Amino acid sequence: MKQIKLFLFALALTVMPQAISAQAPANAQSGVVEDLDAKYATNLLKPGTDAPDINLQTIDGKQFSLKSLRGKYVVLDFWASWCPDCRKDSPYIMSLYEKFAPKGVEFVGVSFDTKAEAWKNGVEKLGIKYTQVSDMKHMRESAVAQTYCVKWIPTVYVVDPEGKVVLGTVMSDKVGAYLTSVYPDCAE
């Protein structure tokens, strides 16, 4: 009896990884995309909320205020150069910038880098062309992160011309879909 249990245990250990890996491609091929907002964006500011002002220094030392952009749609991209998901997401955000900035949409990167050199190098390496601001504090210590309820990066908000949040997400493709709904002539 002991040998049978041992055999079944060994068989289970042998078959289990194959069964698990056999299921993974099926899910990937079925086109099921996990909504990461349900996991990481549950506490973000809700649509209709007044977007809190952001008063920080830009990467070149100038003072920036979010309120100065009233009258325009604004994309707030919360990120950091040390964040692998942010670096992976950056080319898509830049493609949105290239597409929608000519329509008057402003993009602002809010960095949670703590070292100016790393922040500047990250912006340069990623080819980010839009306004960058930071309080040079880690996300967990940043007042702007707390104000915007950012607990995961990248997090992206869209603010409308009246200064209201219209979208808060960790999925940048939702930002692209929203901006395309506002500017349908930019649809690909």
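This is a predicted model: local features need pLDDT of at least 70, side-chain atom pairs count only at pLDDT 80 or more; totals for chains, interfaces and linings use all residues.
Visitor: What makes the contact between the side chains of Lys62 and Asp60 a salt bridge?

Guide: The N to O distance between Lys62 and Asp60 is 3.8 Å, and because a salt bridge needs a side-chain nitrogen of Lys or Arg within 4 Å of a carboxyl oxygen of Asp or Glu, the pair qualifies.

Visitor: How do you know that Lys103 and Asp185 also meet in a salt bridge, and where do they lie in the chain?

Guide: Their side chains come to 2.3 Å, N to O, which is within the 4 Å cut-off; the pair links distant parts of the chain, with Lys103 in the loop between H3 and E4 and Asp185 in the segment after H6, 82 residues apart.

Visitor: Why is Asp185 called exposed?

Guide: Asp185 has 53% relative accessibility, and exposed means over 50%, so the residue counts as exposed. Lys103, with a relative accessible area of 35%, is partly exposed, because this value lies between the 20% and 50% limits.

Visitor: Is Phe107 buried or exposed?

Guide: Phe107 has 2% relative accessibility, and because buried means under 20%, the residue counts as buried.

Terms used:
Residues are numbered from 1 along each chain as its sequence is written. Side-chain values use heavy atoms; hydrogens and water are left out. Buried means under 20% relative accessible area, exposed over 50%, partly exposed in between (1.4 Å probe, protein chains only). Helices (H or I, at least four residues) and strands (E, at least two) are DSSP runs, numbered from the N terminus.
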